[in-house]
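Trainee: I am new to this structure and would like to learn how to read it step by step. Could you take me through it?

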Amino acid sequence: MAADRRIVIENCSIATVDAHDTEHASGHVVIAGNRIESVGAGRAPEGLQDVARRIDATGHLVTPGLVNTHHHYYQWITRGLATDHNLFDWLVALYPTWARIDEEMVRAAARGSLAMMARGGVTTAMDHHYVFPRGSGDLSGAIIGAARDMGVRFTLARGSMDRSEKDGGLPPDFAVETLEGALAATEETVRQHHDTSFDAMTQVAVAPCSPFSVSTELLRDGAALARRLGVRLHTHGSETVEEEQFCKELFGMGPTDYFESTGWLGEDVWMAHCVHMNDSDIAAFARTKTGVAHCPSSNARLAAGIARVPDMLAAGVPVGLGVDGTASNESGELHTELRNALLINRLGAHREAALNARQALRLGTYGGAQVLGRSAEIGSLEPGKLADLVLWKLDTLAHASIADPVTALVFGAAAPVTASFVNGRQIVEDNRLLTADEDAIARATREEARRLARIAGH
Ligand SMILES: [Zn+2]
């Protein structure tokens, strides 16, 4: 696109989520090419050249696009199973089915996952994919292609598992890769797809699955690989009491100490869940600037517990929000996680002071950008940043009687998305994707879910 083509958005409330939480009751945003050119109160500056489009956004709140920091797209075709299980029982129930996935299934599931999030205001998505059955095709390529087609900014966390039942792990032997195979394939994926530019649409992270499904060597060598290649590291950590017990029995220490011993704390690391953290674990994350992907719905669904988000924020830990895989969060939406993060944390020790609406919005935007290592480019509405933003419609039955727009967005029903822009390009209009056919995606995911169920014999 030509760098000087402008889109002017006016007459809207704006929550910039910048360092001062600057807000405008009625303001404007000007997009020039793929960047934000100006944000401010009142109408846009007079005399702008090359204005391709002017949007009267009366009745809307404009925020930075939402950033999802943890997900497993393939699970889109195994939703609604093992619904009354805790994490370990749920994993054991689902691994045999997951081990039968192929490229077509993964492509359909990725499109379903991406579509659901994009039309709910996600502009930067991620997929932690760690199931690579032998002979299943180019799964990483299928996922990255799906994100590119949808027009969403994207990080693939190339996962892996090499600790199966025979080595004391949780996955069955047929569901894992070898240590050498996993490392080589991860390096190849980084070399093929990782883009280091400011406006990168695709990045890759090194992401062994969890302490109970990967060897100590894979954690150690994976960390070394990521640092040699200059990419980020991602995994699951401290999700359940069972995981804590597992680490203590096998390694003689809790998950955070185990991660530290394998090189897995650092400002280039973000970890999903972090529910069972004591004060010294939180201090270690704060000291090393290790990021957290908070996944409140999934933690509730699997009865994992409540992550200590207020304590993490007070200590200076970067925290973003995650949907988590849709086999443990069937909704697959991130905008509703703003509300769930706020409500669930108020059930914890800090009660009504746990999180407020602005903090919840920050978790879903700037916080996410921080943990993905992209806070210089996205996560807030500021001149020079990439034009990833959402127009939330707040003047209908659901929200019109709530005076404060950020309160309406976070506390109220899931707000309709009138428009969502990624890299200056509109991908959603009136809650429908412009970049894909939702109905076709729904049909394909249903067919692939049925095919997988048939193959897996349930
Ligand atoms: Zn997960």
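This is a predicted model: local features need pLDDT of at least 70, side-chain atom pairs count only at pLDDT 80 or more; totals for chains, interfaces and linings use all residues.

Trainee: Which residues coordinate the zinc ion?

Mentor: The zinc ion is held by the NE2 atoms of His70, His72 and His236 together with an OD atom of Asp324, at 2.1 to 2.4 Å. In sequence these donor residues follow the spacing H-x1-H-x163-H-x87-D. His72 sits in the loop between strand E6 (66-67) and helix H1 (87-98), while His236 belongs to strand E10 (residues 233-237), so this pair ties together parts that are 164 residues apart in sequence.

Trainee: What are the angles among the donor atoms, and how is the site classed?

Mentor: The angles among the 4 donor atoms run from 90 to 175°, and the site of the zinc ion is classed as irregular.

Trainee: Are His72 and His236 buried or exposed?

Mentor: Residues under 20% relative accessible area count as buried. His72 is buried because its relative accessibility is 2%, and His236, at 6%, is buried as well.

Trainee: How many cavities does the structure hold, and what lines the largest cavity?

Mentor: Rolling a probe the size of a water molecule over the atoms shows where empty space is left. Here there are 2 cavities of 30 Å³ or more, and the largest cavity has a volume of about 130 Å³. It is lined by 17 residues, of which Leu87, Trp90, Leu91, Tyr130 and His236 are the closest to its centre. Helix H1 gives the largest share of this lining, with 4 residues, and the lining as a whole divides into 8 nonpolar, 7 polar and 2 charged residues.

Trainee: Where does the second largest cavity lie?

Mentor: The second largest cavity, with about 40 Å³ of space, has a lining that includes Pro64, Gly65, Val67 and Asp388. Domain 1 (6-65 + 380-433) and domain 2 (66-372) both give residues to that lining, so the second largest cavity lies between them.

Trainee: What is phi of Ser238 and of Lys289?

Mentor: Most residues other than glycine have a negative phi. Ser238, however, has a positive phi near 50°, and Lys289 has a positive phi near 60°. Ser238 is found in the loop between E10 and helix H6 (241-251) and counts as buried, at 2% relative accessibility. Lys289 lies in the loop between helix H8 (279-288) and strand E12 (291-294), and at 39% relative accessibility Lys289 counts as partly exposed.

Methods:
Residues are numbered from 1 along each chain as its sequence is written. Side-chain values use heavy atoms; hydrogens and water are left out. Donors are N, O and S atoms within 2.8 Å of the metal (3.2 Å for Na, K and Ca); water is not among the atoms, so sites may look incomplete. Four donors count as tetrahedral if all angles lie between 85 and 135 degrees; four count as square planar and six as octahedral if opposite donors are over 155 degrees apart and all others between 65 and 115; anything else is irregular. Helices (H or I, at least four residues) and strands (E, at least two) are DSSP runs, numbered from the N terminus. Buried means under 20% relative accessible area, exposed over 50%, partly exposed in between (1.4 Å probe, protein chains only). On a 1 Å grid over the protein atoms alone, a cavity is a set of points where a 1.4 Å probe fits but cannot get out, and a pocket is an open set with protein on both sides within 12 Å along at least five of seven lines; lining residues have an atom within 4 Å of a point. Grid points are joined across faces, edges and corners, and a volume is the space filled by probe spheres set on the points. Ala, Val, Leu, Ile, Met, Phe, Trp, Tyr, Cys and Pro count as nonpolar, Asp, Glu, Lys and Arg as charged, and the others, Gly among them, as polar. Domain bounds come from an automatic or database domain assignment.
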